Amino acid sequence: MAGFLATIRRLYLSIYNWTLFVGWVQVFYFSVKQLKESGHQQVYNAVERPLQFAQTAAVLEILHGLVGLVRSPVTATLPQIGSRLYLTWGILWSFPEVRNHVLVSSLVISWSITEIIRYSFYGMKEAFGFAPSLLLWLRYSTFLLLYVTGITSEVGLVYLALPFMKESGKYSFRMPNKWNFSFDYLYGAMLILAIYVPGSPHMYRYMLVQRSKALSKSKKE
């Protein structure tokens, strides 16, 4: 029975990883194609559907960690996926005014390269039991640059959206109302920007530690 469940687990995770791999390949392809053909202004329109699919499906990774399907700690997975969902739905989908900015291009290209490497790495490990050494190195090295470009793009887009949050009042609840509750989406966004200040260096250091462990282990093997 244990062997059967292990096989089902590997099959499910293989399908999950390769499906998300295909999704991010589409994001990368459409973004580069659009950049070459007409510049950065229409990149979001070109990648919107595959981006929303691939990024939203990543919510399952939180569940995978919670039920023990994978060893990744939820404390590391949750903030990364949460911030990306916030950018995907809470910023880009909610505020069309920022979609034609060049930071959208740097964001989706940084995300897509990172995820193409990551999902192919885990897809290979689940499907075949191993991953090539080059893919291992890419998995634990490309973040050195791509994390910086990705985070910079995330922070920049949230900042660019602030005036439109203030002007539209979208997702804000003013008093009085029947729930006797108020919430200002603008202040929420400003709080998120403040969290990036300690959160980003902390996550970067965490990934550096993971890189050191993974590459040291591969050398011993």
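Which side chain does a polar contact of 3.5 Å join to that of Q52?

1. The partner is Y44: a polar contact of 3.5 Å links the side chains of Q52 and Y44. (A polar contact is a pair of N or O atoms within 3.5 Å; within protein, one must be able to donate a hydrogen and the other to accept it, and residues adjacent in sequence count only if both atoms are side-chain atoms.) This is a predicted model, where local features need pLDDT of at least 70 and side-chain atom pairs count only at pLDDT 80 or more, while totals for chains, interfaces and linings use all residues. Residues are numbered from 1 along each chain as its sequence is written, and side-chain values use heavy atoms, with hydrogens and water left out.

2. Q52 sits in helix α2 (residues 43-57); helices are DSSP runs of H or I, at least four residues, numbered from the N terminus. Q52 is buried, at a relative accessible area of 5% (buried means under 20%, with a 1.4 Å probe and protein chains only). Beyond its neighbours within four places in sequence, Q52 is in contact with Y44, T88, W89 and W93, contact being heavy atoms within 4.5 Å.

3. Now the helix pair: the axes of α3 (residues 59-67) and α4 (residues 74-93) come within 9 Å and cross at roughly 165 degrees. Therefore α3 is roughly antiparallel to α4 (angles over 145 degrees count as such). V59, E61, I62, G65 and L66 of α3 meet V74, T77, L78, I81 and L85 of α4 in this contact.

Definitions and conventions. Helix = DSSP H or I, 4+ residues; strand = E, 2+ residues; numbered from the N terminus. Buried < 20%, exposed > 50% of the residue type's maximum accessible area, 1.4 Å probe, protein only. Axes fitted to C-alpha atoms, helices over the stretch in contact; angles between N-to-C directions. Parallel < 35°, antiparallel > 145°, perpendicular 65-115°, else oblique.
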